[in-house]
Amino acid sequence: MINRLTLLIACLLGFAWPTEAADHKYTLVIDAGHGGKDGGACANGAKEKNINLNVALAFGKYVERNCPDVKVIYTRKTDVFIPLHERAEIANKNKADVFISIHTNSVASKRPISGMETYTMGMRRSDEKLSAAMRENEVVLIESDFKQHYAGFDPRVPESYIIFDIVNETNMAQSVELAQLIQQKVCATAGRPNKGVKQDAFLVLRETSMPACLIELGYITTRSEANYLTDPTNVDAMGKGIYQAFVAYKNRHTQSAPQPTQPTAPTQPTTPTQPTTPTPPTTPTTTATDAPIFKVQLLASATELGPNDRQLKGLTGVECYKEGNLWKYTIGSSENYNEIYQLRKDVLEKFPQAFIIAFKNGEKVDAAAALQEFRKNR
């Protein structure tokens, strides 16, 4: 035990004791969607908030029993209402490594629909409705001060979703990886019909600053699904499947796995060459005004693609640059964000995962900050 004299000497000498940040423990935040006055979807005698909580607790117990090196934090463990922004704040303040939000789907259709799907943050094709995200985002309307917390965002207004156009690229790839593992493991362990990994504009995912995904366990509006989702045996199986996916993901991204190399500075986009004769790209050309340059990123690949590669889906004018171990493919280049915003909408049908990136003075920069600079200089 440290005595007072030792502590005083340490303070006088400016000695810094190890902080909690230095001893950061791998942190998982489990978010049981809805709760309290927000019941979520209700049908066939079942309530979404209860299903979500039961599966979240089952998942958490598996982690707590088998992963002593993981700190598990729940946004809620009882039937209480937690605003969306507070759920994200819990993850951000605790510097979570992973955020998993658990929900149950519903649909206004007489045709029975079944199956599980997992979402990551992103926009869908322009001709698709934001049905799942809009329904989940509408919980903010219960909050009396939602316009203050969400900068005027209204989940009922499609124009509000412009704030989702810029996605955290760093977390996107890992979020998709996590979502794919969840789909694979839960569908195998719990016998869930696999409806795949998708993207949608979920506010709770947008507000988090770490790899994150949102699970829609099944359709409560289908009687057989509601019966399945409320059965304790199935609840345990789904929780176990999510746990297995989490462990597989964590093992890939912790000390036991090879550490990724430090990303190098992005280099100048060039026309894709054949993989057999790769040409190292050079630094992006800067403009006289040094204004941010916006581009639409279409995809990333571990290998360099040829100009006629089918992954490019026939698009012309595609450029690429290398960042870390990935070749990243873009289209368009303009100081005018509005032009790139429209271009992104034009390519969403072929590349629903496309998002906007920015360069400045030859370096890749935060797209949100670049957008603010663009609007300031207009």
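This is a predicted model: local features need pLDDT of at least 70, side-chain atom pairs count only at pLDDT 80 or more; totals for chains, interfaces and linings use all residues.

Author: Residues are numbered from 1 along each chain as its sequence is written, and side-chain values use heavy atoms, with hydrogens and water left out.

Reader: Why is H2 called oblique to H9?

Author: The axes of H2 (residues 48–66) and H9 (residues 232–252) come within 8 Å and cross at roughly 50 degrees. Angles under 35 degrees count as roughly parallel, over 145 as roughly antiparallel, 65 to 115 as roughly perpendicular and the rest as oblique. H2 is therefore oblique to H9.

Reader: Which residues of H2 make the contact with H9?

Author: With contact meaning heavy atoms within 4.5 Å, H2 contributes Asn 54, Val 55, Ala 58, Phe 59, Tyr 62, Val 63 and Asn 66. Among the H9 residues are Val 235, Met 238, Ile 242 and Phe 246.

Reader: What makes His 34 buried or exposed?

Author: Buried means under 20% relative accessible area, exposed over 50%, partly exposed in between (1.4 Å probe, protein chains only). His 34 has 6% relative accessibility and therefore counts as buried. His 34 is found in the loop between strand E1 (26–32) and strand E2 (42–43), and its phi is near 65 degrees, a positive value.

Reader: How is Asn 361 classed by relative accessibility?

Author: At 44%, Asn 361 counts as partly exposed. Asn 361 lies between strands E12 (355–360) and E13 (363–365), in the loop, and has a positive phi of about 55 degrees.

Definitions and conventions. Axes are lines fitted to C-alpha atoms, for helices over the stretch in contact, and angles run from 0 to 180 degrees between N-to-C directions. Helices (H or I, at least four residues) and strands (E, at least two) are DSSP runs, numbered from the N terminus.
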